[in-house]
Amino acid sequence: MDALKNKRGFICDMDGVIYHGARLLDGSKAFVQWLTAQGKRFLFLTNSSARSPRELRQRLLHMGIDVSEDHFITSAMATAHFIAAQRPGGRVYVIGDSGLYQALYEAGLSVDESQPDYVVVGETRSYNYEKIEIAIQLVRNGAKLIGTNPDLTGPTERGIAPACRALIAPIEMSTQRQAYYIGKPNPLIMRHALQLLGCQREETVIIGDRMDTDIVAGIESGIDTALVLSGITRESDLPQYAYQPHHVLKDVSVIAGEQPGKAAKGTMP
Ligand SMILES: [Mg+2]
């Protein structure tokens, strides 16, 4: 536990770690207060590309947690960073929401519907047939296909909604091209997070509730991992994975030292 508490940088997944849908999870507030009080560097990371850091900040604020916009990283930001590094000033055709457009503009990329270098797809409620049809023509004409994240579904207040990979599937099938995906578990987003944190990987920990995204991303990036059991993964799921997290915790309150009687369920050797 000391090894975990002594880390300088914290990269935290959001859903299943800080909140569940619209409900704040136990101890999240204390954890964020602890991060602030201890002078830790921290980022909230989400694979969703729909919301901007400003919108994510508002979402947390509604739940009673106040952190500034520079404490968020999204798959949209990592995607924009990747494209800007590959092709500075590049042109993109976008199927996505405001969070994705904003990230692309901020990275110096421009939207082009006639001869883009890339077709970029993220989550959006304005998904429609016409856009898919255009995207397919552009990819057939040579535009490279990028997905902001490889998630098939995402959690919503109403249950499960299709996420990026489900939305991009018709383009992949019609063009016979595979999209390149940026979000977790691609280590690209973790490297971008480390850059934003200004921390080395050895002094950083990733906290998440999913083995197949959060934990594998940490392991493949050489960053220590902490699995919280407040989200998707149960402790009984662990044996089926070839890789194991460095720490297993009931929830993030354990790190803040809250509820000492009900502390960590166990720490992996
Ligand atoms: Mg999660």
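**Exercise 1. Work out which strands form the open sheet, and in what order.**

Solution. Start with the order: 6 strands line up as β5-β4-β1-β13-β14-β15 in an open sheet, with parallel pairing. Here strands are DSSP runs (E, at least two residues) and helices are DSSP runs (H or I, at least four), numbered from the N terminus; two strands pair if DSSP finds at least two bridges between them. Next, look at the edges: β5 (72-74) and β15 (247-249) each pair on one side only.

A word on the model: it is predicted, with local features needing pLDDT of at least 70 and side-chain atom pairs counting only at pLDDT 80 or more, while totals for chains, interfaces and linings use all residues. Residues are numbered from 1 along each chain as its sequence is written.

**Exercise 2. Find how β1 and β13 pair.**

Solution. Take β1 (residues 9-13) and β13 (residues 204-208): they pair in the parallel sense over 4 bridges. Now pick out Cys12, which stands opposite Ile207 in β13.

**Exercise 3. Describe how α4 packs with α5.**

Solution. First, α4 (residues 75-86) and α5 (residues 98-106) pack at about 30°, with axes 8 Å apart. Axes are lines fitted to C-alpha atoms, for helices over the stretch in contact, and angles run from 0 to 180 degrees between N-to-C directions. Therefore α4 is roughly parallel to α5 (angles under 35 degrees count as such). Finally, list the contacts (C-beta atoms, placed from the backbone, within 7 Å): in α4, Ala76, Met77, Thr79 and Ala80 meet Gly99, Leu100, Ala103, Leu104 and Glu106 in α5.

Methods
Angles under 35 degrees count as roughly parallel, over 145 as roughly antiparallel, 65 to 115 as roughly perpendicular and the rest as oblique. Two residues are in contact if their C-beta atoms, placed from the backbone, lie within 7 Å.
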